[in-house]
Each structure stands twice: as C-alpha cells, then as structure tokens.
Amino acid sequence: MPAAADTAVRVLLRGDDEPPITLPRDPAREAARRELSKRMYHENDPSWFQRALDAFWEWVGKLFETASTATPGGTLGLVVIIAAVVAVLGALWWRLGTPRRQPTSVPALFDDRPRSAAEHRAAAEAHAAQGHWNRAVQERMRAIVRALEERALLDIRPGRTADEAAAEAGRALPAHTGPLHAAARSFDDVTYGGRAATEQSYRRIAELDRDLERAKPQLTSSSTTQNADHNARRGAAG
C-alpha cells in the first residue's frame, strides 16, 4: 500500500519530462487516498462474504489451537476426545430414537367416526399391502380394541387411550397382558413418538389380534361364585 501510494503521488504530481514537485505531507496523503479509492485498484479484492468466511475459519483455528494446547496429548488427544463424544451421541441417538417432547395429554385411540373391528382390520391390511407400516400398526391396534368392545370385554369409551385399553383388557385376558402392553407401546411410538414401524412389529400386532379372537376371558371370583350357586340350585331342584 505505501508503495502504491508513492507511485500514485508521483504520477499525479509530475509529467513525463517534468521534474518531481514537492508537496506538503497532508495534501500528498489526500491525493494518494483519492487515487487509491478508484475502482481499478479494488477489482481483485475479496468479497464481504469471503472476508467473513476467512475471519470465521481464523477464529475456528485459534479455538482449536487453544483446545489442543489444553488437552493432554495435544491435537491427537483432542481428536480422540471429539471422536469419543460423537460415538457416544450416536449410540444414544440409535438407542433412544429421535428426541421428542412428551405430549401434555395423550390423545384418544379412536377418531370421531366410529368403525367396526372388521373395518379397522381391512384398513390395516390395505396399508400393510402398500408397505405403510405406521398406518397399519395404528389400524390393527384400533381393530383389537374395537373387537374387545364388541365382545363386551371392554366398555365403549371414546376417550380411551391405547395404554388404558391394554391395562383394562389385561384384567379380562391376563394371559395376554404382556403382548397387549407391547402393542400399545408400538401404537404410541408411531403415533406420538415419531418412530417408524416395521413389518415385523405389524405382524406381531396382527398375530395378537388373531389370538385374542380365540381367547376366552377369565371369569372374576364373584362371577364364578354366582355360577356355582346357580348350578347348585338347579341340581337341588332336579
């Protein structure tokens, strides 16, 4: 820059054959500033974006240098620590799934339009045929609950959640308590948790649906006592 200013001043202040003219310092500086402000001297200057990018990478380099100085093992130790942190975060992401906010209230299992268990099963099979496993899992879980309502093993309650339905059905069908809760968790995962269902998870729920169709409810102790008294009275009357 000083050399360019000196050249500019010399060009401005003398002709080709004339001797140089001596000017005071301030006017010479002003003349050099005007000359160097011309566009021709700034055509190859970096853009504002390039300057900002250079400043950013310079800051990153200083930060990395400071961190490597404070880390045992220097730069290699810092790289090892960063790789370990990334590996731990990846393992947690794979194990826990996509982070999500828990809903303040769990939405109901069914929508406003009532459908039969057969209709829910048909919708589930249609989604499964197209590979839409999330929708297939949802519809098959609804088919299970609707079928239990149709058999009077569950009371008809529109605001019921999948977890509530599994808990209530487990009391009538205790042998299927575990699969019912697993099916409810699968429904919640794909409906509210942002997870993706698989063909295997749908097949498990469909198999549970078929098993429940053949399952007989367990009678309560009061019902068993009433049936025993009724049979005893019939025997005495005979």
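Buried denotes a relative accessible area under 20%. The model shown is predicted.

**Figure 1. Overall composition of the protein chain.** Of the 238 residues in the protein chain, 29% are buried. The chain contains 10 helices and zero strands, and its elements, read from the N terminus, follow the order α-α-α-α-α-α-α-α-α-α. Among contacts with a separation of 6 or more, 60% join residues 24 or more positions apart.

**Figure 2. Close-up of the aromatic pair Phe-56 and Trp-57****.** The structure holds four aromatic pairs. In one of them, the ring centres of Phe-56 and Trp-57 lie 5.2 Å apart and the ring planes meet at 65°, so the arrangement is edge-to-face. Phe-56 is partly exposed because its relative accessibility is 42%, whereas Trp-57, at 53%, is exposed.

**Figure 3. Close-up of the aromatic pair Phe-187 and Tyr-192****.** The ring centres of Phe-187 and Tyr-192 are separated by 6.2 Å, with an angle of 80° between the planes; the pair is therefore edge-to-face. Phe-187 has a relative accessibility of 1% and so counts as buried. Tyr-192, with a relative accessible area of 24%, is partly exposed.

**Figure 4. Close-up of an aromatic cluster.** Phe-56, Trp-57 and Trp-59 together form one aromatic cluster.

Note on methods: Residues numbered from 1 in each chain as written. Predicted model: local features only at pLDDT ≥ 70, side-chain atom pairs only at ≥ 80, totals over all residues. Heavy atoms only, no water. Phe/Tyr/Trp six-rings, centres within 6.5 Å; stacked < 30°, edge-to-face > 60°. Buried < 20%, exposed > 50% of the residue type's maximum accessible area, 1.4 Å probe, protein only. Helix = DSSP H or I, 4+ residues; strand = E, 2+ residues; numbered from the N terminus. Contact = heavy atoms within 4.5 Å.
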